[in-house]
Amino acid sequence: PRTRGEPGEEDPRLTMLTHAKAYCPRTRGEPEEEDPRLAMLQLDAAAFEARVRALEAGRPSVYDICRATILLERQGSYKFVLEDLHCVLPKVAAESVEALLEAAGVPGAFTVRREIINFKKVLLLLFQAGRSDERALAQLLTFFHCDLLAANRASATSLSVEQARYVEIATASAKFGGALRAVHDARDQTKAICLMPRHPHTPRLVRLQPG
């Protein structure tokens, strides 16, 4: 309750309704033709849901999405969100919600998701190419293998040409193998991110749990 003369807090839906009605000018004497979706802004939650279900006739409703059905819905693109907004809400109201989503970084999140998917594919190609080079290095190690026990390993100058060459290939092979394992781990991590559950109540993978 508020005292007489005290300013009240206006329902944001009424503000949207006022803006939406003022959005489409009409000539003098012309009967007003309102967007039928304007009535959506005056409905309570139950009536709003019923209206959305009526608009979605012939396809599953967003109100029925659960863990079992989330993967059957369209996903992966911000345009699907905008299509649903403009299907249900009048233009000005939908644009207002769209501005809020942009301010919250929702479009950017979809872009990052797409880039992570592409990055995962790049890492897979790098790993597959690296496996071929790793096998080539292993073949070189076998071909140029020589006995190092006869050399004084405390002094590099005591190595023969063959021994020095073998040590060089072995060192390169070890470093390359470590780098390849890092690429593999990065690919696994990005894949885990791409496989994050779409439904908010589905737990994440253990490796993505905080802490």
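This is a predicted model: local features need pLDDT of at least 70, side-chain atom pairs count only at pLDDT 80 or more; totals for chains, interfaces and linings use all residues.
Residues are numbered from 1 along each chain as its sequence is written, and side-chain values rest on heavy atoms, with hydrogens and water left out.

Confidence is given as pLDDT, the predictor's confidence in each residue on a scale from 0 to 100; its mean over the protein chain is 79, with 76% of the residues at 70 or more. Helices are DSSP runs of H or I with at least four residues, as strands are runs of E with at least two, both numbered from the N terminus, and confidence is lowest in helix 1 (residues 12–23), where the mean is 47, and highest in helix 5 (residues 106–143), where the mean is 93. Residues 12–31 have pLDDT below 50, and this stretch makes 19 contacts in the model beyond near neighbours in sequence, a contact being heavy atoms within 4.5 Å. Residues 1–7 also stay under 50, and for them the model has two contacts beyond four places in sequence.

Helix 5 holds Val 122, which together with Phe 119 and Leu 126 forms a nonpolar surface patch of about 280 Å² accessible area. Such patches consist of residues with over 30% relative accessible area and no salt bridge, like charges being joined within 9 Å and nonpolar side chains (Val, Leu, Ile, Met, Phe, Trp, Tyr) within 5 Å; the areas come from the Shrake-Rupley method with a 1.4 Å probe, and for residues only the protein chains shown count as cover. Val 122 is partly exposed because its relative accessibility is 43%, given that buried means under 20% relative accessible area, exposed over 50%, and partly exposed in between (1.4 Å probe, protein chains only).

Which residues does Leu 180 contact, leaving aside its neighbours within four places in sequence? Leu 180, which lies in helix 6 (residues 161–194), is in contact with Leu 126, Phe 127, Gly 130, Arg 131 and Glu 134. The C-alpha atoms of Leu 180 and Ala 129 are 9.8 Å apart, although 51 residues separate the two along the chain. Leu 180 counts as buried because its relative accessibility is 5%.

The whole structure contains six salt bridges, each a side-chain nitrogen of Lys or Arg within 4 Å of a carboxyl oxygen of Asp or Glu. One of them joins Glu 49 and Arg 53 at 3.1 Å, N to O, and both residues lie in helix 2 (residues 45–55), four residues apart, or about one turn of the helix. Arg 53, partly exposed at 31%, also forms a salt bridge with Asp 64, with 2.9 Å between the closest N and O atoms. Asp 64 lies in the loop between helix 2 and helix 3 (78–88) while Arg 53 is in helix 2, so this pair ties together parts that are 11 residues apart in sequence. Another salt bridge links Arg 74 and Glu 83, whose closest N and O atoms are 2.9 Å apart. Through shared partners, salt bridges join Glu 49, Arg 53 and Asp 64 into one network.
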